[in-house]
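Please open the model in a viewer and keep a selection tool at hand. The tour below moves from one contact region to its parts.

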Amino acid sequence: MSIAQNLSNAMVLASTYILIAIGLTMVYGVLKVLHVAHAGVYASGAFVGLGAFNFVRPFCTPTLEDARLASNLAFWISLPIAMIVSGVMGALIYLLIYRYTWGKSPTISLVASVGLFTLIQDLLQKPFLLGPRQQPYPAGGAGMPRIETPWFMITPTQVLILFVTLILLAIVYVILNRTRIGLGWQAASLDPEMAAAVGVNVTHVIVLNFFLGSMLAGAAGVLVGVYDNMVFSTMGDVPSYKAFVVVVLGGLGSVPGTIVASIVLAVTETFMVAFAGSLMPRDAIAFLVLILLLMFRPRGLLGRA
Amino acid sequence: MKKFAMLAWLVALAVLVVSCAPAPTPVPPTKAPEPTKAPEPTKAPEATKPPSAGPIKIGFFSPLTGPTAADGQSAFNSAKLAVKLINDAGGINGAPLQLINYDDAGKPDQAASVARKLIESDKVVAAISGAYSGPTRAAAPVFQQAGMVMLSAYAIHPEITKVGDKIFRIGTLADVQGKVGAELVAKNLKAKKVAILTIDNDYGVSLTAGFKAHALKVGLEIIFEQKYSFGEKDFRPIIEKIKAANPDVVYATGYYAEASTLVSQAKDAGLKAQIVGQEGYDSPQFIKLAGANSEGVIITTDLNRDSKEAMTQKFLTEYKKAYNEDADMVGASAFDAVQVLAYAMKTGGTTTDGIIKALKGLKDFKDCATGPFLRYTADRELVRPVSSQIVKGGAFHLYQEFTDPAVTTP
Amino acid sequence: MLQVENLDVHYGHIQALRDVSFAVNDNEGVAVLGANGAGKSTLIKTLIGWNTPSRGRILFDGKDITRLPIWDRAALGLAVVPESGRVFRDLTVTQNLELGAYTEKHRATIQQRAREMFDLFPVLNERKHQIAKTLSGGEQQMLAIARALMTRPKLLLIDEVSMGLMPILVKRVFEVIGQLRASGVTILLVEQNAYEALQVVERGYVLENGKIVLNDTASELTQNPRVKAAYLGG
């Protein structure tokens, strides 16, 4: 069995975890809210991306002779559309819900969030949106090359996921570390009151926070939809809890921790499935890893004391 | 902002209501045989009932929400189609059929409470499960205790019919279908080494059991076996292992969503072994999602789209006409459940005893999409041919029909 | 500069400030003295906007800021050195200073101000790339003061700056505050350490149980027997 192949597959899986979980950890960092509805944003992102893809593709076909090229172009148009819609959706979730529940008992935010998640899923399942069936998202590798080495092979779709993830992480890194509002975000996640006192408009920062995080979740939805060639209304179910495992594992609110935790989890899952076989379902593995880690390091991998 | 907190709680409340609906109405098992129902079986068969009587209510449940909603919708649509065709042709000896339908959300507990509702509030005369094995197993005892016939359309777990003498099956029992799978792998594909992948639920485990039991007899060597969870999206680590084991055939149980993911990832990873599936793959969705990767996949199933039988073709065209999509195995089975129940009520009347008697007397029944149905065994399993299909040119086509009683008799 | 009129603040059912009225004039140092729990910190928090008063008005430069968002107060020229400093612990010294000048948009100005702060607090210059939480308590207080000065505030609010510091550091911190006063920064100081506070301000108020009970010049307050007995240890 090829260890290198499993590792490279695991890194792709990790990329999808990273994109979903970063938004969650960013929200937790500032608001201390468990944003379950984030998984709804993820599914909506996939839905919007697919919708845009199917809408745009016929327009690309007449100009581009090659159907493959048309599909690739349609994908690269659908991805930013899905990301922007998801970002706006996330910002609205804050402005319409958490802004009012923040500062009250965390249970209220959590309950509102779970309710919203269910609402999004039920809406997506309506026949005029996604309907009850899985829909294919046949964008393939969107023009990415296939990478073959003697030890492992990376499919074009996998290259696409790795590539988009790296670019998005770089953008988020620059925004958070090299811009004024990014500095404000860091301050607000450490001490929102004090950040406000030095003039950081905390509302702006939080809206940005939701926008960026939800944008990443939307991108994750699109990429996973293409990877599995499947978009469906309940695709947020597993991420809704697995992303929390990642976030807690990484140390609540820590972006680098989330990245490390995603990799740890994806690699563990892959190798447990590969070596321990039918011992336990893979989602149980995630929680097992979490429990083991929290026993020895209660604040997560890179959490603050 | 007190207003908003209120709203949040309202949302939460709504969620609770939605997720619990219909509210379970616990009935102590001792009370379950409804006193009002008790006298009915003693009545004489009502075949002579005047045609002017009100509609005959039959119960139906399937998952219309949740991850298996697509199958539930297919089953429900097909059942409705069957009812419509029957009523257009004059109903049951003049009385129209009425389908009372509930959503079980794919959850066993909800199926059980839906069953009680059908019996107690809706007073149906018999019921059909358009649900998966888990929910069907939960509903069967409720109908059995209430003394009411239930037909399982496509749930194939062996325990379902073992619940009691009121529970009948339409679909091919898992043991039989597993057996046919092994037969196909050994005889048609002439394979020796088999890897088995099992979806970890009632459906998958019972199929694998049937396959393994017969595999030994036909000289197959099982060189690899692993389970996976419902909804699995990443088969890559397992595929790496299967590649290393190098089998001739992969016998993989699952539904079309997992199956399309599996065959696509297997293709990506360069796995050469033939993949053999079962009726869970049997949906246009499988071909739609897996695309070209589905080509050449062989499955065992109940629905033979190339069948020359009139009713099969009628079902396929009428379904397409009514719902503007291609029918699947799940729908065909639900359609047949209504057809068989209607036949039983026409010949035996609408009492439980009458229906059971008629079902036991069923012979070479051809008014169905997945037939012909030869007869019911003493264990209320259908003796019927089992089809196998291969994906060719983006559609399921007949691969081989299995009629050998040694293999197909439950 | 700052005018506070009839301020009431409640925490649930507990009233922390009762009908508090006072003023700070341009280029003036004012101290609010009081024992633990007298309502001193509540007063500062209400001025910044961390607390909302149940009654009364706060006028800053003639503008009513009672309900103004916290961040807009910073833009008007209100800066705070909160109790125990509250530096941004996981950020570097330089980042803390940049955040102090968050309302300032020109990068060059921010860098210029940071250089001024490094001149004023050489110890911060040595540690400019260090993470704030690795600084000693006194250094963190200095950083908190420097951060507040980054905006060139019209009014600097200082909350219990001596709390938890070693006596030698307390001396050093008050020296710095004295220098700031001498250079013309308007300061409102809230202190338990009345003796040091009264050295660097012109006027003072005494707060007891959320009410202002005394109001005089710093020198008179130093002489006042009641203040002496209660806060000057003699």
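A polar contact is taken here as a pair of N or O atoms within 3.5 Å; within protein, one of the two must be able to donate a hydrogen and the other to accept it, and residues adjacent in sequence count only if both atoms are side-chain atoms. The model is predicted. Under that rule, select chain A and chain C: four residue pairs, both members at pLDDT 80 or more, are in polar contact between them.

Next, highlight the helices of chain A. The greatest contribution comes from α6(A), with seven residues. By class, this side of chain A comprises 11 nonpolar, five polar and four charged residues.

Now display the whole interface. Here 20 residues of chain A are in contact with 22 residues of chain C. The two chains bury about 1900 Å² between them, with 65% of it on carbon and sulfur atoms. Select Arg180(A), Leu183(A) and Met194(A): within chain A, these lose the most area to chain C, together 32% of what that side buries.

Then turn to the charged pairs. Two salt bridges are found across the interface of chain A and chain C. Zoom in on the side chains of Glu193(A) and Arg86(C), which form a salt bridge at 3.0 Å, N to O.

Finally, bring chain B into view. Two pairs of chains are in contact, and chains A and B share the most contacts. Chain B and chain C have no contact, and their closest C-alpha atoms are 15 Å apart.

Technical notes. Residues numbered from 1 in each chain as written. Chains lettered and ligands numbered in written order. Predicted model: local features only at pLDDT ≥ 70, side-chain atom pairs only at ≥ 80, totals over all residues. Heavy atoms only, no water. Contact = heavy atoms within 4.5 Å. Buried area = accessible area lost by both parts, 1.4 Å probe. Salt bridge = Lys/Arg side-chain N within 4 Å of Asp/Glu carboxyl O. Helix = DSSP H or I, 4+ residues; strand = E, 2+ residues; numbered from the N terminus. Nonpolar A, V, L, I, M, F, W, Y, C, P; charged D, E, K, R; others polar.
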